[in-house]
Amino acid sequence: MPRKTLADILSSLYAVAIFGFIFLPVAVLVLFSFQDGRLPVPPFNGASLQWYRAVFADGKLMGAMLNSLLVGVGSSLVACLLGFLAAYALARYRLPGSALQRGLLIAPMTVSYLIIALGLLTVLNALHLPLSLWTVSIGHVVINLPLCFAIIYSSMGDHHINIERAARDLGASDLKVMALVTAPMLMPSILAAFFLSVTFSWDEFIIAFLLSRFDVTLPVEIWNLLRSGLNPKTNAIGSLVFLISILVLVVVELAVFGRAKKS
């Protein structure tokens, strides 16, 4: 068995330090979500599930979690659909100013969410549209559409063109080629874009705060809890959000990478 060199040891220590720096706050959050006391701060007074029970008994938190799920899934579906259509059009057809169009589609990724939220708020007020979960969903489509487009467009290689031509030679229309040939070939990228969009929408606060009124998403409700001071329920709900994020990553691993390995 080869002996470890000093460089190997330093590399291992560096990796441990990096992962510790990243995951230590999450570990502390999860630990003190089980705190048997009124404040989620050291020292740890013993394990208890009372704050998880309090979270599930809190109608506002459960309603906000459901709102986040609906907004995340709905806006991500729309963003993925529009991103796929835009990527297909710009990758398969010669459109005037295609380079400029690609740049404009990706440009919102470089703009602060605060600027986007203020711009959308101004437009909605000018159109006299009431703030609701629908307006939050519109905002999340705006910020996630560039991401979906970039992921899907980057995976549309030239090797797909021959398969699409073969389908057309067999009598398939352009719509059938796009829906029954191109989309299934790009499904790993589409799923990756969808799950990333859901994750970003699930955690987003600024747009959800400025574009909602009475029905709020989970980050906004957590912020409302923190306004009154430290609350052990925030640790419990944060741990649940972390668990959901891990489950999403597992689904991505099984659905996207598992499908890619089979192909």
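A nonpolar core is a set of buried Ala, Val, Leu, Ile, Met, Phe, Trp, Tyr and Cys residues joined through side-chain atoms within 4.5 Å; buried means under 20% relative accessible area, exposed over 50%, and partly exposed in between (1.4 Å probe, protein chains only). The model in these views is predicted, so local features need pLDDT of at least 70 and side-chain atom pairs count only at pLDDT 80 or more, while totals for chains, interfaces and linings use all residues. Residues are numbered from 1 along each chain as its sequence is written, and side-chain values use heavy atoms, with hydrogens and water left out.

**View 1. Meet the largest nonpolar core, with its 25 residues.** Phe84, Ile152, Met156, Leu186 and Ala193 have the most contacts inside this core. Contact here means heavy atoms within 4.5 Å. Among the residues that Phe84 touches, leaving out those up to four places away in sequence, are Ile152, Met178 and Leu186.

**View 2. Here is a second, separate core of 15 residues.** Look for Ile116, Leu120, Val136 and Val220, which are included in this core.

**View 3. Phe84 and Tyr88 make a tilted ring pair.** Rings of Phe, Tyr and Trp (its six-membered ring) pair if their centres lie within 6.5 Å; planes under 30 degrees apart count as stacked, over 60 as edge-to-face and the rest as tilted. The centres of these two rings are 6.2 Å apart and their planes meet at 35°, so the pair is tilted. Both residues are buried.

**View 4. Phe194 and Phe195 pair edge-to-face.** Their centres are 5.4 Å apart, with 70° between the planes. Phe194 counts as buried because its relative accessibility is 15%.
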